[in-house]
Amino acid sequence: MASTARNILTPLKASPTPEAGVGEAAVPWGFPEIFIISQTFFPALLLLPGAQDFRLPLRIAPFAFSLLGLFWCIGKSKGRAPHPAAHWLIAALGWLALMILHPTTNSTMAGMAQTMLYLAVLAPVFWAAVLVRDPRQLMRLLVIFLVCNGINSLVGILQVYDPGTWMPAEFSSVQRAMRHGMSTTTYIDRAGNVAIRPPGLSDTPGAVCVAGMAAGLMGLAFSLRKMSWIKRALAFAATGIGCAIVYLSQVRTSLLILIGMIVVYVAIVGLLQKHRSTAISALVIGTAVLLGAFWTSVPLAGSAVSTRLETLRQGDPLSVYYQAGRGGQMESAVTVLVPTYPLGAGLGRWGMMRLYFGDDANADAPQIWAELQIPAWVLDGGVVLLLCYGIALLLTSLKEIDIAWRAVTADMQFCSSLIVAANLGVVAIIFGYTPFTSPMGIQYWFLAGALFGVANETGLIRNERLRSGKRRLFGLGRHGSGELRTGPLSS
């Protein structure tokens, strides 16, 4: 299987330089590969009858695997350059630990659980950079990502086509316990019956849209690689399946972000890496697949898909954002939450940790609703957490773009451009969801750490003289000079 993953992607063109520091021996499978599979495997178990009785441990398992990576790497990171975001993330964790003592933290257990949640989500940026050191392994990991998300998306389509066979035996007990229950996740299907949005390999209606975005982007990129027609056909099929399930999940934000990720990928490949023909192909094929997926989704799910998308044309983007309720929440975060809780409202005031470990009897720390990342950061740690995490994301994005710009081998160019597009998509989701307290955040920091680890180890990065000293502020240059360090990427 490792051999297949290694051969599935041949370069867009011959690598201009040999891959420094890379031997000929096959890179064995290890913890990173198992980790990626676990992120799909454990949620998939929730489809089984009676799984709701074990929902909490199954939901915790993907996060626990992330923490396991930290223990796996104890003593292995000595002498290795830290990721540019590392210090800011450590500062964020330190502040969250102090927030456990906040007078309006709902309960000590909820506060500790919330802090551990943040740690589990960002942990991969530390251990992935240690365990993933070879471009061939990074390529294999991206193949596994594509396969897992492609299968997840395919199951979602089957759930729309034949819900009686493929839908979960039970849906999320958390969703059912909410004020409006399952009513917010239903629609009228092509036969006029009430149907539930596809969850894919999970128990949460509509959640498959995340897998669809990943499959749509990654499948498109892989389908443009030089390889056998069978492999290209499979990658192209994953693109179509991913785009189709994004429509069928009826999550409008996911569709907009998928389009944005494809545009970013085209820009990186065409403008930074100068593969203009590949960029044009990606743009044309991506547009065609998105249109084709729409026209095939409407007959499958009925007019609900087109009706849902029609709401995007009801006004300018800002008005639509407010109509969806997101704009009001963002405005409230700035005008109400920040002035009221400049240093945080205490932990365990919102989300799953509140639900699982909170104390409803604590009248001094009642629940506060938050479904977007920025209000959630303000509640958990105020302006301090907002700045620390925001700067960490900015530094990560700049570093990844820099790696994509300076990559010299075709494989590194491919991996870096794909990761830049995928990760910027996750960053954009903070305006519509809370990705950095969910498995989406785990994926983000895993890809960020893995890309940095490979670039830092193998030296597959072109050394350029910087035009100004400004970039040294973001860890891209050597102290006291305007040029990058020779060899591995500096931090």
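Which residue lies over the face of F414? R225 does, at 4.3 Å from the ring centre. A charge counts as over a ring if NZ of Lys or CZ of Arg is within 6 Å of the ring centre and within 35 degrees of the ring normal.

Some ground rules. This is a predicted model, where local features need pLDDT of at least 70, side-chain atom pairs count only at pLDDT 80 or more, and totals for chains, interfaces and linings use all residues. Residues are numbered from 1 along each chain as its sequence is written, and side-chain values use heavy atoms, leaving out hydrogens and water.

Now the aromatic rings. The whole structure holds 22 aromatic pairs. Rings of Phe, Tyr and Trp (its six-membered ring) pair if their centres lie within 6.5 Å; planes under 30 degrees apart are stacked, over 60 edge-to-face, the rest tilted. Take F31 and W127: centres 5.2 Å apart, planes at 70°, so edge-to-face. F31 sits in helix α2 (residues 31–44) and W127 in helix α6 (residues 124–131), so the pair ties together parts 96 residues apart in sequence. Helices here are DSSP runs of H or I, at least four residues, numbered from the N terminus. Both F31 and W127 are buried, meaning under 20% relative accessible area with a 1.4 Å probe, protein chains only. Ring pairs also link them into a cluster, whose members include F35, W72 and F446.

Next, α6 itself. Seven of its eight residues are buried, so α6 is largely enclosed by the rest of the structure. Among them are P124, V125 and L131.

Last, W445. Leaving aside neighbours within four places in sequence, W445 is in contact (heavy atoms within 4.5 Å) with residues including P124, V125 and Y389.

Terms used:
Helices (H or I, at least four residues) and strands (E, at least two) are DSSP runs, numbered from the N terminus. Buried means under 20% relative accessible area, exposed over 50%, partly exposed in between (1.4 Å probe, protein chains only).
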